[in-house]
Amino acid sequence: MYQQYKEGWIEVISGCMFAGKTEELIRRIKVLEYAQKKIAVFKPCIDNRYSEHCVVSHAGSSVESFNISCAHDIYDYVDDTYDVIAIDEVQFFDKEIIDVCEYFADKGKRVMVAGLDMDFRGEPFSVMPDLFTYAEFVTKLTAVCTKCGAPATRSQRLIDNKAARYDDPIIQVGASEQYEARCRHCHEVPGKSSIQQHLRERK
């Protein structure tokens, strides 16, 4: 007898700045809306670059969303009538977002999240490595390096047209005025090697 698979899983869309993560998330949302699925879309309050109440891609695509200050807030918006939970800029949430995603996936919801896999230093960003582990599906997108045209996997933060230093704050929301897509060879983080050497010597 044919056995239908049980619904409920986590999908992660990752990559550097300008790789099309939000665009891909919105594309999946639109497809599911066409299929008449009920979808709850979320983004962190810290991301207000283009809109207060919409998830907006760099290319201009948008979809209405709930702005939340912490992962736990998602429970207040989602009930059993929802089929899908979509979360943009997921890297800005703390580790509680993992429990939230796991909870809804276990409840049979399709959970789709998009976020930066690396910070401006080129190091794993926040909860992303854990989400990769728990997810059933992971999509890694690349951009085009603004320096050499190679596939870009890193986000170059610029301050006064100079590369940000390693000891600058990790979280700084911005767009093309502050960030560029770079490949591993063109990515610059002044001070990174000296700090890493110091940490190794302390061990």
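This report walks through a six-stranded sheet, the strand pairings around E11, and two residues there, Arg157 and Thr153, in a predicted model.

## The parallel sheet

Let's start with the open sheet, where six strands line up in the order E5-E2-E6-E7-E1-E8 with parallel pairing. Its edges are strand E5 (66–68) and strand E8 (137–141), each of which pairs on one side only. On average, neighbouring strands of this sheet are turned by 20° against each other, direction ignored.

Inside the sheet, strand E2 (residues 39–44) runs parallel to strand E6 (residues 84–87), and four bridges join the two. Helix H1 (residues 21–34) lies across strand E1 (9–15), E2, E6, strand E7 (110–116) and E8. Relative to E7, helix H1 runs at about 160°.

Now turn to strand E11, which spans residues 154–159. This strand is mostly covered, with five of its six residues buried.

E11 pairs with strand E13 (residues 179–182) in the antiparallel sense, over four bridges. In this pairing, Arg157 stands opposite Tyr179 in E13. E11 also runs antiparallel to strand E12 (residues 162–163), to which two bridges join it. Here Leu158 has Ala163 of E12 as its bridge partner. The hairpin of E11 and E12 has two residues between the strands, and Asp160 in this hairpin takes a positive phi near 55°.

What the Arg157 side chain does reach is the backbone oxygen of Pro169, at 2.6 Å.

Thr153 sits in the loop between strand E10 (151–152) and E11. Its side chain and that of Arg154 are joined by a polar contact of 2.9 Å.

Which residues does Thr153 touch once its neighbours within four places in sequence are left aside? The contacts are Cys16, Asp117, Met118, Thr142, Arg182, Cys183 and Arg184. Of these, Arg182 belongs to E13, the strand that pairs with E11.

Key: Residues are numbered from 1 along each chain as its sequence is written. This is a predicted model: local features need pLDDT of at least 70, side-chain atom pairs count only at pLDDT 80 or more; totals for chains, interfaces and linings use all residues. Side-chain values use heavy atoms; hydrogens and water are left out. A polar contact is a pair of N or O atoms within 3.5 Å; within protein, one must be able to donate a hydrogen and the other to accept it, and residues adjacent in sequence count only if both atoms are side-chain atoms. Two strands pair if DSSP finds at least two bridges between them. Axes are lines fitted to C-alpha atoms, for helices over the stretch in contact, and angles run from 0 to 180 degrees between N-to-C directions. Contact means heavy atoms within 4.5 Å. Buried means under 20% relative accessible area, exposed over 50%, partly exposed in between (1.4 Å probe, protein chains only).
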